[in-house]
Amino acid sequence: FYGSFLQDDWDLIRSLVQKACYELPVPVTCKMRILPGHFKKSVEYARMLEHAGCSVLTVHGRTREQKGHATGLASWEVIKEIKANVNIPVIANGNILSFDDVEACLERTGADAVMSAEALLHNPALFSGKNPPVWKIVEEYLQLADKYNTPIRCVRCHLFKILYLCIYQDDEVREILTEGSTLADFYSVVEILKKLPAKLSNSEESNAIVKNNDPEHILESINFSFEEFADTNTITQNTIPVVCDNEENSLLHSTRNHNMSDSNENFINNMDSGNDDIRNENEADDTLNYLPIWVCHSRPRVAITEKSRGCFSKYFDSSSEKTNENLEEMYMSKKKQRRARHHERVVAAMKEKRKTKKMRKKQKLAEMKAQEVVSVVEDVSDKKEKVTKKQQKMMIKERLLSAQGTAPKICINLGFASTMETKELSRLSSQLRRLYGSNRHSSNPVHLYFCNFSPADELYKICESKNDGFSSYIVDMTPEAPEDLFNTEDIIYLSPDSDNVLETLVSNKVYVIGGIVDDTVKKDLSLNHAKDFNIKTARLPIVEYLVPYSANPGTTVLTVNQVFDILLKYYETKDWTESLSCNVPLRKGYCAPSKKDDLSQSITDKKLTNCSDHLSTENSMSSIS
C-alpha cells in the first residue's frame, strides 16, 4: 500500500513521521485526505500526525474514494474543524479553481495557506488573480520549454490542459496538438488562438472587429479587462458564470447549518441537494454569461448532470452532438456505412477474443491445480532470488555488450535520410525505437549498428526528441557508411528486389538494412546502392516459407523494424517459417502453411457478410427514396 491507502495503518504512519523527525535536520510536512465517516475521525488522525512531529499539515478535503469520475466537492468544514483542533500550520486543499476560491477558503476554514493542483494546469496565473489569454500563456510556456529542453510528450500533455476548452472549438488546434512533434509545430497554435475570439464573436460589434483581426482590439471592444481579474473585489456578475465553484461552496456549506455532529455522509447529501438547486437555477435562466473560453480558467470537477460539465456545459452540448451524428449516419455514403459496420464487427471480435482468452486461462489454471502443478511452481518460484529493476537493467546491458563481437552484425544504413521528408523521418525514428526495444529484450541479441548517422543530422535530433534515452542506446552509432566501415566481401545488403535468397545468418557477415521510409514507393533504392559498390544482395525467403492465403497477395516490402525482427527471431529459433509468420503482417497476404485453410475460410465469410450488407443497404436506400 502507498499514498492515502496507508492512512488505514495509523501505527505505521506514526512511526514513519517520528523516525523522519528524529533523523532529518529539516521540518517534516505531511498531507492527508479526510477519512470517511464522522469528521472527528479525521481530527484525531490530524492530531496524531501533530504529536508524531509533523510541522506543517496539508489537508485535502476529499476522501480516498473521491477521485476520477467520483470526484466531488471538497469539504471545507472538515478542514475548518481540523484547523481548530491542532496547533500547527494547516494548508487547505480542494475546490481552489480561481483566486476568489483562495480568499473564500481562507475565510471559511481559517487555514494558514491554500494549495491547488489541477487548476494550475489550466490557469498557471491562478495565484496572481488574473485570467490571461491562452495564447500568451502558451507562448510563454513554449519559451520556457525550449529553454529547459522539456520533452515533447510533456509539452503536449500540458498544452492539452491549458487549451482544454479551445480544442473543442477549433479542429486545427486539436490536430496540431495531437500530431505535432516539435516546438515549432506547437508555436503555430499561438497564431490560431489569437484569431479564436474573432471566430467565436457573433454580435455586430464583434463582426466589425473581425475585419480588423486584432486580438488586443477584440479584448477592448467586448469590455473584457484582464486587470479587473487582479482585483477580486471588482469582478462582477456579468463576467462570472452563475454556476461556479466558489458559489457552489457558498451554497453547499450554507445548507449544512454548521451542524458538525453529523457525519461526512451528511455533507455529501447536502452537496447533492445543492447541486439540484443550482441545476434548476440554470434551467430557468438561459441568459447566463460565461468567461470566454480563450482565457485561462479552470473547469469545475463536478458535473451537474451526466450530460454537462459544470458551468461550462454550454461548450459541450451533448444533445446537439447526438443530433448531428444521427444526421450524418442518415446521409452516410455506402462506403462509409460498410466501414462503420466493419469497425463494429472488429470491435465485437476483439471482445469475443478477450473473453475466449480469459476462459482458456481459467481452464488452464484449473488443469494445473488438478495435476498439483501449482504447488510445484510456487516452490520453484520461492527458491528463485528476486531480481530488482536495477539488476534487470544491468543484465540487459551485459547481454547487449556481450553480443558485440560474437553475434551477427546487423547494420541500419541511415544514409537515405537526406532524401526523406520530416514526416517520413519521424516514422523512421519510431521504427528505430521499436527495433532497439526488440534487441534489448531478446535473450540472444545481435550486434546492432546505425551507420551514416551523426548528432548533426536532422534524423538524430528527431530521434532524441521523440525517444527517451536515445543517446544512451547500446548501439554502435557511426557517421561512416557500411562499405567504409566493413569489408565489402562480408556485407550483404537486404533488398526485396534482389534475386538472391537469404538462407541463414552467419556471425562473420554484416547484414545491412536500408533505413528507408518512402511514401512514394521508389523501387530498387537499396539494390542499386549495393550494385554501385559491387556488394552482395539478398532478400528474405518470404515466398519460399510462407504461402499466399488470398488470390491477390500484397507486396513483400516490409518496414525496417519488421525486417530486423525477422532476422532476430531467426537468430533465436533457426526457423524461417516461425520467424516470418510471427513478423510478416497478415495484410501482406502471406501466412504459414498450417494457417492457410483457416484464413482462406475467414476471407470467404467476410466476403459473404459484406455482400449481404451491401444488399441490405441498397434495399434500405431504395425504401427511403
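Okay, let's start with the open sheet: 6 strands, in the order E7-E6-E5-E9-E8-E10, with parallel pairing. At its edges sit strand E7, 476–477, and strand E10, 536–538, and each of those pairs on one side only. Keep in mind, by the way, that this is a predicted model.

Now zoom in on one pair from that sheet. As a quick reminder, strands in a sheet pair through backbone hydrogen bonds, in either the parallel or the antiparallel sense.

Next, let's go back towards the start of the numbering. Strand E1, residues 29–33, and strand E2, residues 56–60, are parallel too, and 5 bridges join them. Here, Thr29 is the residue facing Val56 in E2. So what do E1 and E2 make together with helix H2? They form a β-α-β unit, and it's right-handed, with H2 covering residues 39–52.

Last stop, the surface. Which residues gather in the patch of positive charge there? That would be Lys334, Lys335, Lys336, Arg338 and Arg339. As for where that sits, Lys335 is in helix H16, which spans residues 334–370.

That's my tour, thanks.

Terms used. Residues are numbered from 1 along each chain as its sequence is written. This is a predicted model: local features need pLDDT of at least 70, side-chain atom pairs count only at pLDDT 80 or more; totals for chains, interfaces and linings use all residues. Side-chain values use heavy atoms; hydrogens and water are left out. Patches are made of residues with over 30% relative accessible area and no salt bridge: like charges are joined within 9 Å, nonpolar side chains (Val, Leu, Ile, Met, Phe, Trp, Tyr) within 5 Å. Accessible areas come from the Shrake-Rupley method with a 1.4 Å probe; for residues, only the protein chains shown count as cover. A salt bridge is a side-chain nitrogen of Lys or Arg within 4 Å of a carboxyl oxygen of Asp or Glu. Lys and Arg count as positive and Asp and Glu as negative; His and the chain ends are not counted. The place of a charge is taken as NZ of Lys, CZ of Arg, CG of Asp or CD of Glu. Helices (H or I, at least four residues) and strands (E, at least two) are DSSP runs, numbered from the N terminus. Two strands pair if DSSP finds at least two bridges between them. A crossover is right-handed if, with the strands pointing away from the viewer, the path from the first strand over the helix to the second runs clockwise.
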